[in-house]
Protein chains: 2
Amino acid sequence: MRLKICISYDGTHFHGWQRQKNTPNTIQEIFETRLSQIANTRVTAVASGRTDAGVHARVQVLHAEVPETAPELDRLRHGLNSLLPPDIRVLLIEKAGADFHAQRDAVRKTYLYFIDPHTVQAPELRDYAWHLRLPLDWRAMEEATGALVGEHDFKAFCAADSTANTTVRTIFEARWGVHEWRGVGHTYPLRVLRLTGSGFLKNMVRSIAGTLVHIGGGKSGPELIRNALTSRDRKAAGPTAPPHGLWLWDVLYT
Amino acid sequence: MRLKICISYDGTHFHGWQRQKNTPNTIQEIFETRLSQIANTRVTAVASGRTDAGVHARVQVLHAEVPETAPELDRLRHGLNSLLPPDIRVLLIEKAGADFHAQRDAVRKTYLYFIDPHTVQAPELRDYAWHLRLPLDWRAMEEATGALVGEHDFKAFCAADSTANTTVRTIFEARWGVHEWRGVGHTYPLRVLRLTGSGFLKNMVRSIAGTLVHIGGGKSGPELIRNALTSRDRKAAGPTAPPHGLWLWDVLYT
């Protein structure tokens, strides 16, 4: 029986999604161990895509094949949430078609990158938004962001060790907004970059966010995005933003 | 020169406010070390009161005596925030009267206790609100809460190892409300108990919250609060709620 599983996680204390040799502390390894325990057989979980160490998921979508003898879906979710650490939560489990594939069938993905411009960062936010005290030119950043929309070769915004066949991707939406954050102890607005695309390369959102902040800080003009895209050269773009401001937000299937 | 210093902290990874022998990981020890470093002399910080391990402070008020040669207040705050870990933040520093005393001069304190009634707890909230999936009888809890207001002997809601001279305290306000929590990744309402009083005994808010949840879960009627107050016996009240839902919210001075 094939399952579609939606999970949410705080990536702070994990070495990213993907299972790694000699690193038991990945979300995939922890999740598969717990699911296998409940399903009483070795189960593999396939995600919509990897997330790096420190990157969070509001929603990450997985598929997994479990035997028909596995517990009923509500009990399975409850059992998983009892066994998993509190920074990984199962939001939803449903039966999927026998050929549903969480990675290959994803047609759109949305990532959000959060920036905290408050003078003193609330302790609650330290792992969830990039704290930047310097004044940023939001108008220049918004102007530059527009150049990302459409089909482009994003090689300049891709980590050197990427294993992708092609670096061409389509961005459907790229815009800045305000998130009226209301934590438990503190409350103030955050700035947020929203990117929706056909797919994303390794470090792509983080290097876009870093380049936009580079522009916002006045170290380059808004034309930097367009020039970097044309150059296909990582060195032509700005630095990579830290992982903790990045959230995998949504995955859409056909 | 005497300073009034307002700080905020996430208490998750500390052994409470108060300095302890053989435990370097207290907020007081870390704060004093950093302040002494900047002031270039050994400085002691006195807080409005202790908080236990795992308890947070939206605002905790301190006083400290620093030499006239210490950096100007804005630079001092900035310097402290650079040296301190991100789970302790300095919000405000101002000059105080020579006899200002953060503990003795406090006339009112407010604590909030957060309960997360959502089916699946957002990873972001795991250290900040007590997750309770069982249905609670909020009407019974509200009724019981009213009995706390006024001057009472709170011995039944006090840890056995308390060093307080008297267990009589006055509660000015005690009520339940809703906190419309809007985190970075998720958003849903929390239930929150607000207690304002002349002062609080060791574990007092946590044992009140635990007793109210005991009542809300149907394990006892609303009269339990009144009966426990009369008994002056810790065993007559309910269990102690976990520390991570508790926030020191505000301290008022004359």
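A search of the whole structure, which is a predicted model, finds two cavities of 30 Å³ or more, a cavity being a set of points on a 1 Å grid over the protein atoms alone where a 1.4 Å probe fits but cannot get out, with lining residues having an atom within 4 Å of a point. A volume is the space filled by probe spheres set on the points, which are joined across faces, edges and corners.

| Cavity | Volume | Lining residues by class |
|---|---|---|
| Largest | about 50 Å³ | six nonpolar, two polar and two charged |

The lining of the largest cavity includes Glu124(A), Tyr128(A) and Trp181(A) from chain A together with Glu124(B), Tyr128(B) and Trp181(B) from chain B. Around the second largest cavity, the lining includes Pro123(A), Glu124(A) and His186(A), along with Tyr9(B), Asp10(B) and Trp247(B).

Elsewhere in the description, Pro135(A) is found in the loop between strand 6 (130-131) and helix 3 (138-146) of chain A, where helices (H or I, at least four residues) and strands (E, at least two) are DSSP runs numbered from the N terminus. Pro135(A) counts as exposed because its relative accessibility is 73%, the cut-off for exposed being over 50% (1.4 Å probe, protein chains only). The C-alpha atoms of Pro135(A) and Gly217(A) are 7.0 Å apart in space, although the two residues are 82 residues apart in sequence.

Residues are numbered from 1 along each chain as its sequence is written, and chains are lettered from A in the order in which they are written. Local features need pLDDT of at least 70, whereas totals for chains, interfaces and linings use all residues.

Key
Predicted model: local features only at pLDDT ≥ 70, side-chain atom pairs only at ≥ 80, totals over all residues. Heavy atoms only, no water. 1 Å grid on protein atoms, 1.4 Å probe; cavity = no way out; pocket = protein on both sides within 12 Å on 5 of 7 lines; lining within 4 Å. Nonpolar A, V, L, I, M, F, W, Y, C, P; charged D, E, K, R; others polar. Buried < 20%, exposed > 50% of the residue type's maximum accessible area, 1.4 Å probe, protein only.
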